[in-house]
Amino acid sequence: MNEMLSPSLPDRPEALSILIKASSLVLHAGSEEILLAKILDLASNLLVADAYGIWRESEDRLGWRVLAHRGLSGAYPKTFLLDGKTFPGGVWVVGDMATDERVPFHPSIYEREGISSAMIVPWVLDSTSNGAMVYYWRSARQFSPDDTRCALALSNLSASALNRLELNEQNRREKQRLSFLAEASAMLASSLDYESTLERVARLVVSHMAEWCTVHVAENGRLARLVVAHADPGMAGFAEEYERRYPEQIETDRGVGKVFSTGTPEIVSSITEEMLDAAAQDDEHRHLLQQLQLSSSIVVPLKSREKTLGVIRLLATKGRYFGDRDVELALDLAQRAAVAIENAQLHHALLEQAAELKLSHAAAKMGSWTWDLENGRLSWSSEFKALHGLREDAEPTGEAGYELVHPEDRELAHQAFWATLQSSASVFNSEHRTITPDGRILWLQVRGRIRRNQSGKATWIAGLIIDVTESRMAEQALRRAEKLAAAGRLAATVAHEVNNPLEALVNAIYLAQHVEGLPQEAADHLCLADSELRRMTHIVRQTLGFYRESTLPQSTGILQLVSEVLDLYRSRSNTRGLTLRTSGNLADELFVTVIAGEIKQVVANLVANAIDATPPGGLIETSVLRFEDTVEIVVMDTGSGISEGNRKHLFEPFFTTKSDVGTGLGLWVSKGIVEKHGGSIVIDDAGEQGTTFRVRLPIRTG
């Protein structure tokens, strides 16, 4: 039965007398603890039950807290989650707690307490119900209308009294808040030491707001817990031991990690037993969490000028619960603390600026120089000398500086420098190359500020010299990329034109294969030609960008695949007087899940390159090896080898060592195919004793 009853007075005179006498006692209770005890006394006088409870909706409105109870065991939970169910509106009578599906709380709790039936009477204040008085019986109970009227009258009286206490508490807290924030502002402004500021923040929190406080500040983009404080100084050692044994895992979906990443505060009004069970890593950890007696938590961001510097976490214990006002106060403190922390960080940065400037010059490959043109005095910084590979005692002179410039740039740089001095310009900018003693070529940018006398003559110049080799290399890479894009567009155009003749050739070969009486040798040649034309058609379609491999990678015999490629190139190698040899027996076939046509293209590129690089009488040998879960295809030749200078550019697009043939795309394309299959392609360091390429592919099934 669920019905809304008007708060009319009860029929029983003794009940009415109790309520009238009790109203002044309840309304003049000095604290919540005293008030709750009086309410339980009144409830037991008005309506005889086996147990009583006073409930209040949690701040987050996701559950309920048990403010006080009588007649229930110490194991009765202090908090309840509704688990998607709604709390009743109006007087709620439950005849059987075990079977009534409307009961929003776990029936096993009541079974353990021996509770059979209950009456839940809400507090109604300003048309809002946010609390309830609950009566419990351990046997079946029939309720009269007068029972519900008595209970409802007491609930409304209790709600008024609690509301009055809350208003008084709000006024008291507001005064405390203003006093606290004034004290916090003065304390935070009293020091510019970074670590000291963080400690002051934590001490402020535990002295006014919470039992525990941790301050986490971002370092190198990650949160680090820097300060922990407890209202009881004796607990500091416990906190350190707890952190050592169970270091916090910072996650972006909850807690300090989520607040740091989103900049939005998080409040857990009631930390439930279920939450502690979920957080515990083992039984010992669960025991430690119980010792802490955590009841509520708040995490707020440390934000200054829309930048999140870190977070502050507040933890309440022993039945103390945070609410929205606590969040507001924590946010206000965090805002002041963030400004203080940022000021401390800026002060710390200023103190180290000189040292950092020197280090940054070295890190940025930058050196300084000055030239007193009137007196002929030239000076170079240590970084300037190191950049040019000079000894520290090298004598700076105009002639020596001239010699530092690359011979091909020397005259042009010299003319540009003196032309700027003879003009009216106040700054000088140029770039040139230099050769270091170990043979490296660097690009250097020179920037200088010119001082002139009243007649406009340059008298003094000072500036920086900066290593811009990397940016120059990046520009070259960009030009190569643009060249590659242009070549790609050209290749697509050519491929489009080639596609139709290719299809005609495939059709012609198909017809030729079905000519009656075709000799077997001719049929074999046509089959090989058909296979290679189809591979060529596949490459053309890929080039056009309109085709994706329609079949999934399949289990392929690598020995057979390599053998087919070698058969294709055997005639060409014989013509050049080369020996084309392979090791491996098809009976020991190794199967790998790949796109066979693409791996064929890789092997064909390597074999073709080996044939071009090997002089007559040389040897080209291929082998297929297995190393645990990897298959390795090895292509070795006895050619002239590849120099160290060329070796590091081999897999770049358009790089080629062939003066008359080759596009410089073969190895670049091969590398892309192999890496798409999850493998790698490397070249052995054999100097001028030939070349060995190794293609490694993972063995995969399915």
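Modeller: Tyr-110 has a relative accessible area of 3% and is therefore buried, where buried means under 20%, exposed means over 50% and partly exposed lies in between, with a 1.4 Å probe and protein chains only. The model is predicted, so to speak of a local feature requires a pLDDT of at least 70 and side-chain atom pairs count only at pLDDT 80 or more, whereas totals for chains, interfaces and linings use all residues. Residues are numbered from 1 along each chain as its sequence is written, and side-chain values use heavy atoms, with hydrogens and water left out.

The structure as a whole contains ten aromatic pairs; rings of Phe, Tyr and Trp (its six-membered ring) pair if their centres lie within 6.5 Å, with planes under 30 degrees apart counted as stacked, over 60 as edge-to-face and the rest as tilted. One of them joins Tyr-110 to Tyr-76 in an edge-to-face arrangement, 6.5 Å from centre to centre and with 65° between the planes. This pair links distant parts of the chain, 34 residues apart: Tyr-110 belongs to helix 3 (residues 107-113), and Tyr-76 to the loop between strand 3 (63-70) and strand 4 (79-81). Helices (H or I, at least four residues) and strands (E, at least two) are DSSP runs numbered from the N terminus. Tyr-76 also counts as buried, because its relative accessibility is 3%.

Another pair is stacked, because the rings of Trp-371 and Phe-417 have centres 5.7 Å apart and planes at 10°. Trp-371 lies in strand 13 (residues 366-372) and Phe-417 in helix 14 (residues 407-422), 46 residues apart, and the pair again links distant parts of the chain. Trp-371 is buried at a relative accessible area of 18%, and Phe-417 is buried at 11%. Together with Trp-418 and Phe-428, these two residues form one aromatic cluster.

Charged side chains also meet aromatic faces. Arg-410 lies over the face of Tyr-402, 5.7 Å from the ring centre, and Arg-451 lies over that of Trp-460, at 4.3 Å. Such a placement requires NZ of Lys or CZ of Arg within 6 Å of the ring centre and within 35 degrees of the ring normal.

Over the chain, 41% of the 702 residues count as buried. Of the contacts (heavy atoms within 4.5 Å) between residues at least 6 apart in sequence, 62% join residues at least 24 apart. The pLDDT, the predictor's confidence in each residue from 0 to 100, averages 79, and 82% of the residues score at least 70. Residues 1-7 fall below 50, and this stretch has 19 contacts in the model beyond near neighbours in sequence.
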